[in-house]
Amino acid sequence: MLNKKKKTIDWLIQNYLSFFEKFGMNEGNIIRHHKSWKENRPDIIEDYLWYIFNRLLIENKHQSRDLIEFYERNRLIYSEMISFRRKIEGKKANEIQNMYNRNIVELELEKNSENGIAYDFTVITPQDCKACQHLTDKVISKREALENNTIPYENCTRTQGCVCLISIMPRRDENGRLIFI
Ligand SMILES: [Zn+2]
């Protein structure tokens, strides 16, 4: 059962302060900013939390020193957004799972851009996701990994949301040795 009691700024601080601190925020500026934020809209703390997540995504572009750091931090933000939507709101958040996976692919492409190794991607699917079963152990290209429709997020039958993941897979020859480009 989801707890539907109205949530407060204290709840947000208690549950999310340590996460926001990783991005240079502190209790003082979260509370101060909340005061001005709620002047123009209903004070729904979940909406305020969502607003901060989105601000972090925007700010991340300016705060990260390089692309790898940018994708690493995006990964943390998306994963916190997914967990909030699912655990607190009881929604599937498949569209964010999609963004999470795309970001992982971008991160892996960036990390491996100079090592000369040839690689593909693969999809990791859980047993209970019927819509994604055909992707189990399937090797997909970089292009497919970046395409929106490779994983059928919207057809996923899992009530808690799609948990399929895309992971990088180096190409190997018949003796198991890495192939270099
Ligand atoms: Zn799925």
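Guide: Helices (H or I, at least four residues) and strands (E, at least two residues) are DSSP runs, numbered from the N terminus. The model is predicted: local features need pLDDT of at least 70, side-chain atom pairs count only at pLDDT 80 or more, and totals for chains, interfaces and linings use all residues. Residues are numbered from 1 along each chain as its sequence is written.

Visitor: Which strands does helix 5 lie across?

Guide: Two residues are in contact if their C-beta atoms, placed from the backbone, lie within 7 Å. Axes are lines fitted to C-alpha atoms, for helices over the stretch in contact, with angles from 0 to 180 degrees between N-to-C directions. Here helix 5 (residues 94-111) lies across strand 1 and strand 3, at about 20° to strand 3.

Visitor: What is the order of the strands in the open sheet?

Guide: Two strands pair if DSSP finds at least two bridges between them. The three strands follow the order 2-1-3 with antiparallel pairing. Strand 2 (139-140) and strand 3 (165-170) are at the edges with a single partner strand each, so one side of each has no neighbour in the sheet. Six bridges join strand 1 (residues 119-124) to strand 3 in the antiparallel sense, and Y119 stands opposite P170 in strand 3.

Visitor: At roughly what angle do the axes of helix 3 and helix 4 cross?

Guide: Angles under 35 degrees count as roughly parallel, over 145 as roughly antiparallel, 65 to 115 as roughly perpendicular and the rest as oblique. The axes of helix 3 (residues 45-63) and helix 4 (residues 67-88) cross at roughly 165° and come within 9 Å, which makes the two helices roughly antiparallel.
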